[in-house]
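Subject: Structure handover

Dear colleague,

Please find below the structure I promised to pass on, together with its sequence.

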Amino acid sequence: MCNSLEENWPEGVLLLIGLAVANKTMDTREGEDVTLKCRFNEHYSDREYSYYWAQQSPNKYDNVAIKGDTFNSNYKIDYRPNQGIYDLQIFNVSYARDNGRFECRIKQIGSDNAIYEDYYNLTVLTPPQPPLIFPGSETTATEDKKQELTCSSVGGSPDPTISWYREGSTTPLAANLIYGGSRDMQTTSTLTIIPRREDDGAKFTCVVWNRALPESQRLETVTTLSVNCLERLDALPSRCSASCLELKKIQNV
């Protein structure tokens, strides 16, 4: 619901309340129809006020409608200011055109101050691609030496979450997550570990999800850790790459 501001309030108050308007989130999918509602309690004459909808995305900021006129055949305005209604209808939604932030604003003619404002973050849902782990399904590491495991997933709208788990635990591990920003970009999560010899054979799972997927569905991939030990490498230089378990067998002979 649009927030109302009295015309005679100081400019600083107008700006402060305008900034405080909460963004609404709406999810949709390619090909669907949606309505973004802009409703206000008091009625204003359209001869004294300008009404418009605008869209903001990373690459543009454009007006999509002014009063009852739209600039795209897939947009239609329900323009009834005397009833407190100024809704934007979007037909046959597409990610390229419609994914982003929409703003409904009503201003007094000749003033830059908004009398009413409403904001929607419209997300056109797209599932992410299956995750990939670097270095791969098997990761060779050295005891007590920092090792990074990077999981990535291309695409997805909204950007997916990526979580790391160690086999046997349901607690997510702390990792550095970098969002891609669009469905054409890669979201990555980097897990940094300091392997111990007892970590040899440990499995780490990368789990990817976003709202385009059912709540019960997750995209997963696993890497298995092979830890090289530092112990007795000077005595066995030819076996420097032996895993900890293999090295222990040699030491017990």
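Asn 176 stands opposite Thr 190, a residue of strand β16. The model is a predicted one, in which local features need a pLDDT of at least 70 and side-chain atom pairs count only at pLDDT 80 or more, while totals for chains, interfaces and linings use all residues. Residues are numbered from 1 along each chain as its sequence is written, and side-chain values use heavy atoms, with hydrogens and water left out.

The pairing of β15 with β16 (residues 186-193) is antiparallel and consists of three bridges; two strands are taken to pair if DSSP finds at least two bridges between them. Helices (H or I, at least four residues) and strands (E, at least two) are DSSP runs, numbered from the N terminus. Both strands belong to an open, antiparallel sheet of four, whose order is β11-β13-β16-β15. Because β11 (132-134) and β15 (176-178) are the edge strands, each with a single partner, one side of each is left without a neighbour in the sheet. On average, neighbouring strands of this sheet are turned by 20° against each other, direction ignored, the axes being lines fitted to C-alpha atoms (for helices over the stretch in contact) and angles running from 0 to 180 degrees between N-to-C directions.

**The chain as a whole**

Three helices and 18 strands make up the secondary structure elements found in the chain. Of its 253 residues, 41% are buried, where buried means under 20% relative accessible area, exposed means over 50%, and partly exposed lies in between (1.4 Å probe, protein chains only). The chain exposes about 13,900 Å², of which carbon and sulfur atoms supply 48%; accessible areas come from the Shrake-Rupley method with a 1.4 Å probe, and for residues only the protein chains shown count as cover. Among contacts (heavy atoms within 4.5 Å) with a separation of 6 or more, 62% are between residues 24 or more positions apart.

As for confidence, pLDDT is the predictor's confidence in each residue, from 0 to 100; the chain averages 85, and 80% of the residues score at least 70. Over residues 1-20 the pLDDT stays under 50, and the model has 34 contacts beyond four places in sequence for this stretch. Residues 235-243 also have a pLDDT below 50, with 14 contacts in the model beyond near neighbours in sequence.

**Disulfides**

How many disulfides does a search of the whole structure find? The search finds two, a disulfide being defined as a pair of cysteine sulfur atoms within 2.5 Å.

One of them is formed by Cys 38 and Cys 104, with the sulfur atoms 2.1 Å apart. Cys 38 sits in the loop between β3 (34-36) and β4 (49-57) and Cys 104 in strand β9 (residues 100-108), so this pair ties together parts that are 66 residues apart in sequence. The torsion about their S-S bond is about -70°, so the disulfide is left-handed, and both Cys 38 and Cys 104 are buried.

Cys 151 and Cys 206 are also joined by a disulfide, at an S to S distance of 1.8 Å. Here Cys 151 in strand β13 (residues 147-154) is linked to Cys 206 in strand β17 (residues 203-209), 55 residues apart. The torsion about the S-S bond of Cys 151 and Cys 206 is about -70°, so this disulfide is left-handed; Cys 151 and Cys 206 are both buried.

**Backbone details**

A cis peptide bond joins Phe 134 and Pro 135, with omega about 15°, and Pro 135 lies in the loop between β11 and β12 (138-142). A cis peptide bond also joins Ser 157 and Pro 158, with omega about 0°; Pro 158 is in the loop between β13 and β14.

Asn 92, although not a glycine, has a positive phi of about 50°; this residue is in the loop between β8 (85-90) and α2 (95-98) and is partly exposed, at a relative accessible area of 45%. Asp 144, likewise not a glycine, has a positive phi of about 65°, is placed in the loop between β12 and β13, and is partly exposed at 44%.

**Thr 161**

Thr 161 belongs to strand β14 (residues 161-166) and is partly exposed, with a relative accessible area of 37%. Neighbours within four places in sequence aside, Thr 161 is in contact with Val 207, Val 208 and Trp 209. Between Thr 161 and Arg 211 there are 50 residues of separation in sequence and 9.7 Å in space, C-alpha to C-alpha.
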